[in-house]
Amino acid sequence: MSAARRFRLVGGALAVGVLLGALGVPALIATGRTRLRAVEIAFGVGALALGVGLLGWSGSVMAGRGVEAMQERMDTNSDWTEAKSRRAMARVGGFGGGLMVGSSLVEVLALGA
């Protein structure tokens, strides 16, 4: 996979995360949360997604070939592959990072905290 394609993969998820983070904080404030709590929730969800993406990506790298071999041996007819799993986890991690950046930008620029 080329570097440009990898950048689009993670960069697209990052952009969606930034947008959702920027829109999620005001939405949480509208539901009655304080400004600080709204930013904490959005940032925390982003950190969770980043952590899941990082852990899932590294797990795919470490165990991917073994899982593929097991599925082939057991004839599971699964479409799961190490490469697809790594791409999915890169998207999840990019989204989480974007959510963290977007909520932080809202806190600094719009809320003046």
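I call a residue buried under 20% relative accessible area, exposed over 50%, and partly exposed in between (1.4 Å probe, protein chains only).

**Before I start**

I am looking at a predicted model, where local features need pLDDT of at least 70 and side-chain atom pairs count only at pLDDT 80 or more, while totals for chains, interfaces and linings use all residues. I count residues from 1 along each chain as its sequence is written, and side-chain values use heavy atoms, with hydrogens and water left out.

**Entry 1: R8**

I looked up R8 and found that R8 is exposed, with a relative accessible area of 56%. R8 sits in helix α1; helices (H or I, at least four residues) and strands (E, at least two) are DSSP runs, numbered from the N terminus. I also checked R8 against G56: the two are 48 residues apart in sequence and 20 Å apart in space, C-alpha to C-alpha.

**Entry 2: α1 and α3**

How do the axes of α1 and α3 cross, and at what angle? I found that α1 (residues 3–30) and α3 (residues 82–110) have axes that come within 6 Å and cross at roughly 35°. Axes here are lines fitted to C-alpha atoms, for helices over the stretch in contact, and angles run from 0 to 180 degrees between N-to-C directions.

Next I listed who touches whom, with contact meaning heavy atoms within 4.5 Å. From α1 the contact includes L9, V10, A13 and L14, and from α3 it includes R87, A90, R91 and G94. I sorted the residues of this contact into 14 nonpolar, seven polar and two charged. For that sorting, Ala, Val, Leu, Ile, Met, Phe, Trp, Tyr, Cys and Pro count as nonpolar, Asp, Glu, Lys and Arg as charged, and the others, Gly among them, as polar.

**Entry 3: α1 and α2**

I turned to α2 (residues 35–74), which packs with α1 at an angle of about 135°, the axes being 9 Å apart. The two helices are therefore oblique to each other (under 35 degrees is roughly parallel, over 145 roughly antiparallel, 65 to 115 roughly perpendicular, and the rest oblique). α1 passes α2 in a right-handed crossing. V25, L28 and I29 of α1 meet R35, A38, V39, I41 and A42 of α2. I noted seven nonpolar, no polar and one charged residue in this contact.

**Entry 4: salt bridges**

How many salt bridges does the structure hold? I found three, a salt bridge being a side-chain nitrogen of Lys or Arg within 4 Å of a carboxyl oxygen of Asp or Glu. Side chains of opposite charge can pair when their charged atoms come close.

- E40 and R37 pair at 3.3 Å, N to O. Both lie in helix α2, three residues apart, about one turn of the helix. E40 is partly exposed at 41%, and R37 is partly exposed at 43%.
- K84 and D79 pair at 2.9 Å, N to O. K84 is partly exposed at 35%, whereas D79 is exposed at 57%.
- E82 and R86 pair at 3.5 Å, N to O. Because they are four residues apart in helix α3, about one helical turn separates them. R86 is partly exposed at 28%.

**Entry 5: E82 again**

Is E82 buried or exposed? I found that E82 counts as buried, at 11% relative accessibility. Not counting residues up to four places away in sequence, E82 touches S60, V61, G64, R65 and E68.

How values were computed: A crossing is left-handed if the near helix is turned anticlockwise from the far one by less than a right angle, and right-handed if clockwise.
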